[in-house]
Amino acid sequence: LKGKGNVAELAGLTGSTPALDRHQGFINAISRYPDIKLLCKEDAGWLKEEGEIKMNTILSRFDNIDVLYAQNDRMAAGAYQTALKQGRHTEMQFIGIDAISGEGYGVDMVEKGILDATFIYPTGGDRIIQIAMDILEGRKFPRETFLTTAVVDATNAHVMTLQTNQISELDNKIKTLNSKIDVYLSQFATQQVVLYGSLIILLLVAGLLIVVYNSLRSKNRLNNELSK
């Protein structure tokens with residue numbers, strides 16, 4: 001916007017932590033630019049359908065909107081659909097958050113030109129678990145952990161899609177290999193059982209043969225004594 005313009009916001013579920021954080025982060029960012037005005041903030045509950053309804057209200061109230069900022073990609077897509085129906089989709093940019101890869105999700109919508117941009121929203125789950133373990137086991141841990149984000153727009157959406165597809169292919173190969181390993185381990189375990197069972201049977205047969213052999217020797221000895 002080059003420091004000047006009008007922005008409308010579609011928020012998630014009122015009172016939820018992500019909705020509060022995403023709104024506060026947005027306000028902190030635009031507060032450095034007094035000529036960027038937040039026209040309104042509407043609660044769309046994270047849903048595409050609600051985004052469509054709320055966008056209809058926003059468009060009826062304001063004639064000049066430069067950016068529609070939605071707190072997730074689904075609401076941004078809903079807003080775009082409403083603006084498209086009213087022929088106003090070219091008047092503004094549509095920006096979401098989450099940048100999930102896959103058909104119909106944020107990165108795909110950027111690549112198709114539905115959204116102008118979306119932002120990667122890292123969950124940090126692995127760090128949460130590590131910090132929790134550090135606390136439980138009495139080790140030092142960081143008091144604050146900042147997660148980095150990045151913008152996904154028309155310049156890098158295709159690259160991200162390619163990378164995601166490659167990761168998905170590798171993941172499928174890993175799953176296939178793990179499945180084959182499980183089959184081989186199962187076969188190996190079965191073979192071990194059969195081998196041990198066979199060894200036990202062989203030992204029993206050998207024992208029976210020894211008993212039979214000794215019995216035959218005793219019988220022959222007794223027969224010889226009787227003959228004498």
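**Ground rules.** I worked on a predicted model, where local features need pLDDT of at least 70, side-chain atom pairs count only at pLDDT 80 or more, and totals for chains, interfaces and linings use all residues. Residues are numbered from 1 along each chain as its sequence is written, and side-chain values use heavy atoms, with hydrogens and water left out.

**Entry 1, the count.** I looked up the salt bridges (a side-chain nitrogen of Lys or Arg within 4 Å of a carboxyl oxygen of Asp or Glu) and found nine in the structure.

Aspartate 98 sits in strand 4 (residues 93–98) and arginine 22 in helix 1 (residues 17–30), 76 residues apart. Helices (H or I, at least four residues) and strands (E, at least two) are DSSP runs, numbered from the N terminus. Arginine 22 is buried at 10% relative accessible area; buried means under 20%, exposed over 50%, and partly exposed in between (1.4 Å probe, protein chains only).

Glutamate 42 belongs to strand 2 (residues 36–43) and arginine 61 to helix 2 (residues 48–61), so the pair ties together parts 19 residues apart in sequence. Glutamate 42 is buried at 16%, while arginine 61 is partly exposed at 46%.

**Entry 4, aspartate 171 and lysine 175.** Here I noted 3.5 Å, N to O. Both lie in helix 6 (residues 157–227), four residues or about one helical turn apart. Aspartate 171 is partly exposed at 34%, and lysine 175 is exposed at 52%.

Lastly, I saw Glu103, Asp108 and Lys112 linked in a network of salt bridges.
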